[in-house]
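Reader: I am new to this structure. Could you walk me through it, one question at a time?

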Amino acid sequence: NSIGLMYFNGSYVASDKNKACGYFKESADLGYYLGESNVANCYLNGWGTLEDEKIAFGWYEKSASLGFFDAENNLGRCYSYGWGVQKNPTKAFECYERAANKGYAGAQYNVGICLLNGVGVKENKREAYQYFVQAAEQGNSDAQNMLGLCYIHAIGTPKDEYQAVYWFDLARQQEHVDAYFNLGCAYLHGI
């Protein structure tokens, strides 16, 4: 898997997605969870192989079954968007929640979005806010921007314009495009 990453990123060798995918596949065939997840990424995106969402889904399932939080989150994305499997918002939420409970910020953000919108789970804005806090405190820029929106619109928490600006600015520092806009709107309205 490490050699595959070197070829994928062009670290110390010329970038070669075909070779990278081959090394990921060798690693995956040996049952290594990172290799399984990386080969799934290759199939999902057509990096060094033909794009095949069903094969990607199968590799994410294998990696997730070994407890890899990133694969569990990506499995949730497959269920959310119908990549290689029939769309199933409830299963998507369950996958996101398993990864979120392992502390994975990306999954915490996804759980928050599901709870905010009632997708695959009953709507609960207060709980959504709490998941955004968890992810934002780990530096997830999507969650930081969303937390700013929660504060500006009193979603799951009391309105606090100063907190909104604080979180928008943290997301902006990570080049989050929506945060630039939201921060600009906050300043435009005299916050």
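This is a predicted model: local features need pLDDT of at least 70, side-chain atom pairs count only at pLDDT 80 or more; totals for chains, interfaces and linings use all residues.

Reader: In what order do the elements of the chain run from the N terminus on?

Author: Residues are numbered from 1 along each chain as its sequence is written, and side-chain values use heavy atoms, with hydrogens and water left out. Helices (H or I, at least four residues) and strands (E, at least two) are DSSP runs numbered from the N terminus. The chain has eleven helices and zero strands, and the order from the N terminus is α-α-α-α-α-α-α-α-α-α-α.

Reader: What share of the residues of the chain count as buried?

Author: Buried means under 20% relative accessible area, exposed means over 50%, and partly exposed lies in between (1.4 Å probe, protein chains only). The chain has 191 residues, and the share that counts as buried is 43%.

Reader: Which helix gives the most to the lining of the largest pocket?

Author: A pocket is an open set of points on a 1 Å grid over the protein atoms alone, with protein on both sides within 12 Å along at least five of seven lines, where a 1.4 Å probe fits; lining residues have an atom within 4 Å of a point. The lining includes Arg77, Tyr96 and Tyr109. Helix 5 (69-81), helix 6 (89-100) and helix 7 (105-117) each supply at least two residues of this lining. With four residues, the top contributor is helix 7.

Reader: Is threonine 157 buried or exposed?

Author: Threonine 157 sits in the loop between helix 9 (141-153) and helix 10 (161-172). Leaving aside residues up to four places away in sequence, threonine 157 touches Arg126, Tyr129, Cys150 and Tyr151, a contact being heavy atoms within 4.5 Å. Because its relative accessible area is 13%, threonine 157 counts as buried.

Reader: How does alanine 154 count, at 39% relative accessibility?

Author: Alanine 154 also belongs to the loop between helix 9 and helix 10. Although alanine 154 is not a glycine, its phi is positive, at about 55°. Because its relative accessibility is 39%, alanine 154 counts as partly exposed.

Reader: And what about glutamate 175: how does this residue count by relative accessibility?

Author: Look in the loop between helix 10 and helix 11 (177-188) for glutamate 175. Phi of glutamate 175 is near 70°, a positive value in a residue other than glycine. With a relative accessibility of 55%, glutamate 175 therefore counts as exposed.
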